[in-house]
Amino acid sequence: MTGRHLKNLLTSQERLRDQVAHALRAALIAGELQPGTVYSAPALAADFGISATPVREAMLDLAGEGLVEPVRNKGFRITEVSERDLDQYTELRALIEVPTIGAVTRSADRRRLEELRPVAEEIVTSARAHDLIRYLDADRRFHLSLLALSGNDRLVETVGDLRKRARLYGLTALAERGLLVASAEEHHELLDLMLAGDAPAAEACMARHLGHVRSLWARTGGAERAEGHPASVSPAPAH
């Protein structure tokens, strides 16, 4: 991983710890930090051109999200997510989100649903532009905002945690092949059905959408390397 690349991910609008965490999430999504690999805070800090302290703090934040795990005297290992894990995350999300979408369709203020239209469009625009950080952020805001209309804060927290633990790795090649756009456009379809008050159809759309997301997960992992799409930057060695 090159220092120049990581430095370019830092902005002046956030405190350093948050900037580093954001940059590391971007590197995870792009496939530049590989699952199963151990990275040391000093090595990553050298790439950022900063001290090791904010890198360690950011890594601890990511550990709390289940994205990395501490390795004593070495650094942090990028968490590997198995096919079984992904199946279980999808099953849990379906059990929670599908009936909740039906309930929200029956009870939510249509004005509040329509307020999510710009977010749905942001998801599509980001997918077309291959802006994966913005894509995932908009997707998270859309889904959690819909669930929040149920009035159940604990439900929203639970789904938010499941989403973090099922973070997509190595999405760059998928975006470049246009495979995210169809999934992105389903957000408009879901909103249309909910605004029409068709709860059964909205539930079916949500279930289908989660199935499509799971199929995208199945195409990540080693697929990019097998098709000649290696991570664009070499990982920093653990010290």
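Residues are termed buried when their relative accessible area is under 20%, exposed when it is over 50%, and partly exposed in between (1.4 Å probe, protein chains only). This is a predicted model, in which local features need pLDDT of at least 70, side-chain atom pairs count only at pLDDT 80 or more, and totals for chains, interfaces and linings use all residues. Residues are numbered from 1 along each chain as its sequence is written, and side-chain values use heavy atoms, with hydrogens and water left out.

**View 1. Arg163 in helix α9.** Helices (H or I, at least four residues) and strands (E, at least two) are DSSP runs, numbered from the N terminus. Arg163 belongs to helix α9, which covers residues 153-165. Arg163 counts as buried because its relative accessibility is 16%. With neighbours within four places in sequence set aside, Arg163 has contacts (heavy atoms within 4.5 Å) to Arg93, Leu136, Asp139, Arg140, His143 and Leu144.

**View 2. Helix α5 against helix α9.** Two packed helices are described by the angle between their axes and the distance between the axes. Axes here are lines fitted to C-alpha atoms, for helices over the stretch in contact, and angles run from 0 to 180 degrees between N-to-C directions. The axes of α5 (residues 83-107) and α9 come within 10 Å and cross at roughly 145°. The crossing of α5 and α9 is left-handed; this term applies if the near helix is turned anticlockwise from the far one by less than a right angle, and right-handed applies if clockwise. On the α5 side, Tyr89, Leu92, Arg93, Ile96, Glu97 and Thr100 take part, and they meet Leu155, Thr158, Val159, Leu162, Arg163 and Arg165 of α9. The residues of this contact comprise six nonpolar, two polar and four charged. In this classification Ala, Val, Leu, Ile, Met, Phe, Trp, Tyr, Cys and Pro count as nonpolar, Asp, Glu, Lys and Arg as charged, and the others, Gly among them, as polar.

**View 3. Asp85 in helix α5.** Asp85 is placed in helix α5. Asp85 is partly exposed because its relative accessible area is 27%.

**View 4. Helix α2 against helix α4.** The axes of helix α2 (residues 16-30) and helix α4 (residues 52-64) come within 8 Å and cross at roughly 60°. The two helices, α2 and α4, are therefore oblique to each other; angles under 35 degrees count as roughly parallel, over 145 as roughly antiparallel, 65 to 115 as roughly perpendicular and the rest as oblique. The crossing of α2 and α4 is right-handed. From α2, the residues Leu16, Arg17, Val20, Ala21, Leu24 and Arg25 meet Pro54, Val55, Glu57, Ala58, Met59, Asp61 and Leu62 from α4. Nine nonpolar, no polar and four charged residues make up this contact.

**View 5. Helix α7 against helix α11.** Helix α7 and helix α11 (residues 181-195) have axes that come within 8 Å and cross at roughly 165°. α7 and α11 are therefore roughly antiparallel to each other, and their crossing is left-handed. Arg117, Ala120, Glu121, Ile123, Val124, Ala127 and Arg128 of α7 meet Val181, Ala184, Glu185, His187, His188, Leu191, Asp192 and Leu195 of α11. The contact of α7 with α11 holds eight nonpolar, two polar and five charged residues.

**View 6. Ala199 in helix α12.** Ala199 is in helix α12, which covers residues 199-219. Ala199 counts as buried because its relative accessibility is 3%. Not counting residues up to four places away in sequence, Ala199 touches Gly102, Thr105 and Arg106. The C-alpha atoms of Ala199 and Val98 are 9.9 Å apart, with 101 residues of separation along the chain.

View 7. Asn73 has a positive phi near 65° and is a residue other than glycine; it lies in the loop between β2 (68-71) and β3 (75-78). Asn73 counts as exposed because its relative accessibility is 71%. His130, also not a glycine, has a positive phi of about 60° and lies in the loop between α7 (117-129) and α8 (132-148).

View 8. Where pLDDT is low, the predicted coordinates should not be read in detail.
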